[in-house]
Amino acid sequence: MEVIILDDARAVADWGAQRIVELIQKKPQCVLGLATGSTPLAIYHQLVARFRQGELSFAGVTTFNLDEYVGIDAENPQSYRSYMARELFSGVDIDTRKSHFPNCEPAQNPRSRGSAYEQLIKDSGGIDLQILGLGSNGHIGFNEPCSSLSSRTRIKTLTESTVADNSRLFAPEEYQPHLAMTMGIATILEARRVMLFATGAHKAAAVRDAIEGPLSASCQASALQWHERATVIVDEAAATLLKNADYFRWAHSENEPIMAQFGHFYELD
């Protein structure tokens, strides 16, 4: 696991946006796994700005979102499809027919819907780069604590802490779902590259557990320790509880000349 500690949230967003630009430029037909939430928001806004500057095109890109709420339709402003349309898709030239979400309508069998999503990812050639945020309880996607580390796309019940964290996005009288369809941990680990972004002191404990804690279903993000090409990018505030922070900073400075020479996606050659 590579750990990169940057000065602040803006630097984290800059770094993430640059890596996505580099991947699309290197592989215009790439497959991206996308996350929602507050942390990826600045990354998406930068991608829109850089598209408008003519630095990249999303015309050949295929996307798979990590998760989607159950119980609200795609046109609902609170759906993750609406989020992606609002924050990224409407600002770039992506073909939205190639943008996929793990939907499950009330009358649909969640097991068959999950299997169909898994197959769609495989049919697209697999995910080249999976973007992740980090829940304050260590979840990635909506894989809450004690989810199976071999899990696949399925419906999960959200914890009370996750519901509370997300309640700021809903009006007091608005319906807030307590169920979501999410990619599983095994699905995430099959991506060729994974990048997890976390900012703010409120994420420090989850960052510590993900990076330096034991590999455990109690912290789903710790499963990234298994991944050959996982990178965790955090700001100084989120890194405050890391015992090995100084080593991570030093290792990053040592690795940068290699990345400058060969690029962050040299393994795609």
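**Pocket lining, parallel sheet and cysteines of the predicted model**

The residues that line the largest pocket divide into 19 nonpolar, 15 polar and six charged, where Ala, Val, Leu, Ile, Met, Phe, Trp, Tyr, Cys and Pro count as nonpolar, Asp, Glu, Lys and Arg as charged, and the others, Gly among them, as polar. The structure is a predicted model, in which local features need pLDDT of at least 70 and side-chain atom pairs count only at pLDDT 80 or more, while totals for chains, interfaces and linings use all residues. Residues are numbered from 1 along each chain as its sequence is written, and side-chain values use heavy atoms, with hydrogens and water left out.

The lining of the largest pocket comprises 40 residues, of which Thr36, Gly37, Ser38, Asn166 and Arg168 lie nearest the centre of the pocket. Two or more lining residues come from each of helix 1 (9–26), helix 2 (39–52), strand 4 (67–69), helix 3 (80–87) and helix 5 (160–166), and helix 2 gives the most, with five residues. Helices (H or I, at least four residues) and strands (E, at least two) are here DSSP runs, numbered from the N terminus. The space in this pocket amounts to about 760 Å³, a volume being the space filled by probe spheres set on grid points that are joined across faces, edges and corners. On a 1 Å grid over the protein atoms alone, a pocket is an open set of points with protein on both sides within 12 Å along at least five of seven lines, whereas a cavity is a set of points where a 1.4 Å probe fits but cannot get out; lining residues have an atom within 4 Å of a point.

Seven strands form an open sheet with parallel pairing, in the order 1-10-9-6-2-3-5, two strands being paired if DSSP finds at least two bridges between them. Strand 1 (2–6) and strand 5 (99–100) are the edge strands, each of which pairs on one side only. Strand 2 (residues 31–34) pairs with strand 6 in the parallel sense over two bridges, and Gly33 has Gln130 as its bridge partner in strand 6. Strand 6 (residues 129–132) is in turn joined to strand 9 by four bridges, again in parallel, with Val194 of strand 9 as the partner of Gln130.

Strand 9 (residues 193–198) is mostly covered, six of its six residues being buried, that is, under 20% relative accessible area with a 1.4 Å probe and protein chains only, as against over 50% for exposed and partly exposed in between. In a regular strand, side chains alternate between the two faces of the sheet. In strand 9 both faces are covered, with Arg193, Met195 and Phe197 buried on one side and Val194, Leu196 and Ala198 on the other.

Five bridges join strand 9 to the parallel strand 10 (residues 230–235), where Ile233 is the bridge partner of Phe197. Ile233 is buried, with a relative accessible area of 0%, and its C-alpha atom is separated by 8.5 Å from that of Trp15, 218 residues apart along the chain.

With a disulfide defined as a pair of cysteine sulfur atoms within 2.5 Å, the count comes to zero. The sulfur of Cys146 is 11 Å from the closest cysteine sulfur, in Cys219, and is therefore too far away for a bond. Cys146 is exposed, with a relative accessible area of 61%, whereas Cys219 counts as buried at 7% relative accessibility.
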